[in-house]
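Here are my notes on the model you sent.

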Amino acid sequence: DLLSIMAEIEKIEEQEELSKYDSTSKPVFKMTDEECKEAMVFLKKPDLLDRIVMDFDICGYVGEAVSKKLCYLSATSRIMRKPFSAIVRAGSAGGKSELMTKTSEFMPSEQVETYTRITAMGLYYMQRDHLRNKLVIIDEKGGSDEADYSIRSLQSKDKLSLALPIKDPSTGKTETRTIEMFGPCVIWYSTTQLDLNPENLNRSFEV
């Protein structure tokens, strides 16, 4: 009963926090006709990916051309029906965070979510579409260990469902409430670990 009460309190607190931001007041991001024409010309260039690598160099991240391309394509795939996630693995101070940060800076800021840690229930209590078509970055693998199962489920099924028993204070009856959160989304995290769970590896490209 106490766990159910705590879960309900956490949900209420999150709803109160989200209510501070009126969704109707959020700016609508829309390209002008001129910007669309310019973008289409750029997208049709045969050396598009090489130009993107050059942009990384200009921004101060040099080398690792293949990793840059793979991460950029992964981040862009967030708008597809079946996007692909990535695990960035290297030794300490190997540039993992820098690669993820630089790539995310090429994406629209409103479509990038960065977390230091996600708890076991953290994803379930987000708004239904909060992560839909977004790039989700978790700084280190250790920060998502508790949420491993829910992350894998979201990657596989593009959806999370939680059946939670809640006691109605007015009637005293306990009813099961279903909480849902929807994808798809791209999930990244970095790690120095050599041995990773195969269930995680078969859902992501390793960079």
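1. **Terms and ground rules.** Buried means under 20% relative accessible area, exposed means over 50%, and partly exposed is in between, with a 1.4 Å probe and protein chains only. Helices (H or I, at least four residues) and strands (E, at least two) are DSSP runs, numbered from the N terminus. This is a predicted model: local features need pLDDT of at least 70, side-chain atom pairs count only at pLDDT 80 or more, and totals for chains, interfaces and linings use all residues. Residues are numbered from 1 along each chain as its sequence is written, and side-chain values use heavy atoms, with hydrogens and water left out.

2. **Helix 5.** This helix covers residues 96-104. Its buried residues are Lys-96, Leu-99, Met-100, Lys-102, Thr-103 and Ser-104. What lies over them? Contact here means heavy atoms within 4.5 Å. The cover includes helix 3 (48-58) and helix 4 (65-76). It also includes strand 1 (85-89), strand 2 (112-115), strand 3 (135-140) and strand 6 (186-191).

3. **Overall layout.** The protein has 7 helices and 7 strands. Along the sequence they follow the pattern α-α-α-α-β-α-β-β-α-β-β-β-α-β. The C-alpha trace spans about 65 × 45 × 25 Å along its principal axes. Of the 207 residues, 35% count as buried. Take the contacts between residues at least 6 apart in sequence: 71% of them join residues at least 24 apart.

4. **The largest nonpolar core.** A nonpolar core is a set of buried Ala, Val, Leu, Ile, Met, Phe, Trp, Tyr and Cys residues joined through side-chain atoms within 4.5 Å. In soluble globular proteins, nonpolar side chains tend to be buried together. The largest core here has 24 residues. Those touching the most other members are Leu-123, Tyr-125, Leu-131, Leu-154, Leu-164, Met-181 and Ile-187. Strand 3, helix 6 (148-157), strand 4 (159-167), strand 5 (174-182) and strand 6 each give two or more residues to this core. Strand 4 has the largest share, 4 residues.

5. **Leu-131.** Which residues does Leu-131 contact, leaving aside neighbours within four places in sequence? They are Glu-113, Tyr-115, Leu-123, Met-126, Val-136, Leu-154, Met-181, Phe-182, Pro-184 and Cys-185.

6. The search uses a 1 Å grid over the protein atoms alone. A cavity is a set of points where a 1.4 Å probe fits but cannot get out. A pocket is an open set with protein on both sides within 12 Å along at least five of seven lines, and lining residues have an atom within 4 Å of a point. Grid points are joined across faces, edges and corners, and a volume is the space filled by probe spheres set on the points. The largest pocket has a volume of about 500 Å³. It is lined by 15 residues, with Met-31, Ala-39, Leu-43, Arg-78 and Pro-108 nearest its centre. Helix 2 (33-43) and helix 4 are the elements giving two or more residues to this lining. Helix 2 gives the most, 6 residues. The lining divides into 12 nonpolar, 1 polar and 2 charged residues. Here Ala, Val, Leu, Ile, Met, Phe, Trp, Tyr, Cys and Pro count as nonpolar, Asp, Glu, Lys and Arg as charged, and the others, Gly among them, as polar.

7. **The cavity.** There is 1 cavity of 30 Å³ or more. The largest cavity has a volume of about 60 Å³. Its lining includes Ala-86, Ile-87, Ile-187 and Tyr-189. Helix 6 gives the most to this lining, with 4 residues. By class, the lining has 5 nonpolar, 3 polar and 2 charged residues.

8. **Cysteines.** How many disulfides does the structure hold? The count is 0, where a disulfide is a pair of cysteine sulfur atoms within 2.5 Å. The sulfur of Cys-71 is 15 Å from the closest cysteine sulfur, in Cys-59, so it is too far for a bond. For Cys-185, the nearest cysteine sulfur is that of Cys-71, 16 Å away.

9. **Cys-185 in place.** Cys-185 lies in the loop between strand 5 and strand 6. At 7% relative accessibility, Cys-185 counts as buried. Cys-185 and Pro-83 are 102 residues apart in sequence, yet 6.7 Å apart in space, C-alpha to C-alpha. Beyond residues up to four places away in sequence, Cys-185 touches Pro-83, Ser-85, Leu-131, Asn-133, Lys-134, Val-136 and Leu-154.
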